[in-house]
Amino acid sequence: MTGVNNDGNSTALDSFRVMAEGGSGDDIVSEYLGQNPHLAKWVESLRGLNETNKQWHARQEFVLRNMEKFPAIQPGLPSPELDRLLSLSMCWANHIFLGCRYPQMVMDKIKDMGEGVTVSDAPVRKTRDEIMGKGKRTTGSDGDGCSKRSKAGPNESRSGNPFKQGPPPQAPAKHQPFFNRLYKAVAWKLVSAGGIGPNLDHFEILRACTESLKETLSCVFVPLKDIPDLPAARTQKEGQVCELRCQTVYLGTGYGRDEAAARSMASKEALKVFQGRKVMVKICRRRFNGRDVEDLVLLDDQPRNPGFPPAISYPFQPEPEGDGPL
């Protein structure tokens with residue numbers, strides 16, 4: 001698709017800004033794209049494969065509202081500024097719809113950029129202290145506040161509840177194509193970096209490859225002493241634990257003296273999976289918040305110990321009806 005010149009792009013964005021001053025939402029975006037058909041197809045190409053209609057409509061408005069801040073962007077042409085805007089839009093959407101947290105500088109940035117974008121029926125979440133009762137384990141709650149609040153109470157959770165919480169059976173097949181592409185991207189990145197070595201920045205490799213495919217990594221940090229299901233000797237240690245996910249699929253867990261060290265270790269563990277002949281998304285049993293749950297896990301083709309570290313986040317909750325992806 002051919003791009004448009006900067007003057008035409010600037011005029012179109014000025015038009016959207018004027019329209020947006022009177023409100024927000026799908027009507028404004030639809031009207032704007034109707035008036036600028038040369039942009040409509042390109043904007044639609046920015047949609048993620050697994051985004052629901054609600055998520056995409058909100059992120060689409062976020063992108064259009066903020067394009068004027070990235071004047072080098074030309075629709076239809078790749079550029080570092082476009083990659084940065086799309087990465088920020090994914091961070092914003094992940095925070096709004098999944099409750100993901102990022103470094104404070106990023107949180108401040110996306111909060112400012114998201115001003116004016118209205119999301120109806122946004123998920124309601126709790127902080128970790130609220131969920132864990134400031135150290136007290138709460139069965140049936142999400143350990144990091146990264147997903148919607150469960151409607152089932154503790155007693156309902158303990159008594160096979162008619163709703164089986166967890167990923168749907170078709171989830172591995174849905175996510176497999178993305179991770180096949182990520183596997184190839186990581187393989188080429190490792191080749192260009194000279195392979196796995198002591199000076200390799202594991203997180204940067206994984207982050208760059210993920211964002212090249214228009215997705216982002218989810219990093220959840222929890223103090224080691226706050227994690228249920230650990231032996232008593234380990235809960236006394238200081239430090240942070242990081243869990244990495246992408247598209248809700250678990251990649252790896254790492255421990256370190258601080259968040260950066262924990263994230264680096266989690267990334268190193270995650271990259272081990274990409275050193276096999278292929279990667280596979282599977283539903284596996286894990287411990288979360290004191291109980292067994294089914295989780296989406298990325299595995300390689302090598303025989304390994306089936307045990308996994310306890311989950312510190314759990315993004316699977318009942319999906320609202322009528323809001324699935326196209």
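**View 1. Helix α3 has an exposed side and a buried side.** The face of α3 turned away from its buried side carries the exposed residues Pro37 and Lys41. Here exposed means over 50% relative accessible area, buried means under 20%, and partly exposed lies in between (1.4 Å probe, protein chains only). Helix α3 spans residues 37–44, and its buried residues are Leu39, Trp42 and Val43. Seen down the axis of α3, these buried residues fall within an arc of 100°, so they line one face of the helix. The arc is that of the directions from the helix axis to the C-beta atoms.

**View 2. The whole protein is a predicted model.** This model is predicted: local features need pLDDT of at least 70, side-chain atom pairs count only at pLDDT 80 or more, and totals for chains, interfaces and linings use all residues. Residues are numbered from 1 along each chain as its sequence is written, and side-chain values use heavy atoms, with hydrogens and water left out. The secondary structure comes to twelve helices and five strands. Helices (H or I, at least four residues) and strands (E, at least two) are DSSP runs, numbered from the N terminus. Buried residues make up 47% of the 326 residues.

View 3. The average pLDDT is 75, and 71% of the residues score at least 70. Over residues 126–159 the pLDDT is below 50; this stretch has 71 contacts in the model beyond near neighbours in sequence. Residues 318–326 also have a pLDDT below 50, with twelve contacts beyond near neighbours in sequence. The pLDDT is the predictor's confidence in each residue, from 0 to 100. Contact means heavy atoms within 4.5 Å.

**View 4. Leucine 206 is buried.** Leucine 206 lies in helix α10, residues 202–212. Its relative accessible area is 0%, so it counts as buried. Leaving aside neighbours within four places in sequence, leucine 206 is in contact with Val186, Leu217, Leu244, Leu251, Ser267, Ala270, Leu271 and Phe274. Leucine 190 is 16 residues from leucine 206 along the chain, and their C-alpha atoms are separated by 9.9 Å.

**View 5. Glutamate 215 is buried yet has no salt bridge.** Glutamate 215 sits in the loop between α10 and β1 (218–223). The nearest side chain of opposite charge, arginine 181, is 6.9 Å away. Lys and Arg count as positive and Asp and Glu as negative; His and the chain ends are not counted. A salt bridge is a side-chain nitrogen of Lys or Arg within 4 Å of a carboxyl oxygen of Asp or Glu. Not counting residues up to four places away in sequence, glutamate 215 touches Met90, Phe178, Thr210, Cys246 and Gln247.

**View 6. Salt bridges join charged side chains.** By this rule the count comes to 13 salt bridges. Arginine 59 and glutamate 51 form one of them (2.8 Å, N to O). Both arginine 59 and glutamate 51 are buried. Aspartate 301 and arginine 277 also meet in a salt bridge (2.9 Å, N to O). This pair links distant parts of the chain, 24 residues apart: aspartate 301 in the segment after β5 (291–300), arginine 277 in the loop between α12 (259–273) and β4 (279–288). Arginine 277 has 68% relative accessibility, so it counts as exposed.

**View 7. Arginine 287 pairs with aspartate 292.** The closest N and O atoms of this salt bridge are 3.3 Å apart. Arginine 287 is partly exposed at 33% relative accessibility. Aspartate 292 is partly exposed too, at 44%. Elsewhere, a network of salt bridges links Glu243, Arg245, Arg286 and Asp295.
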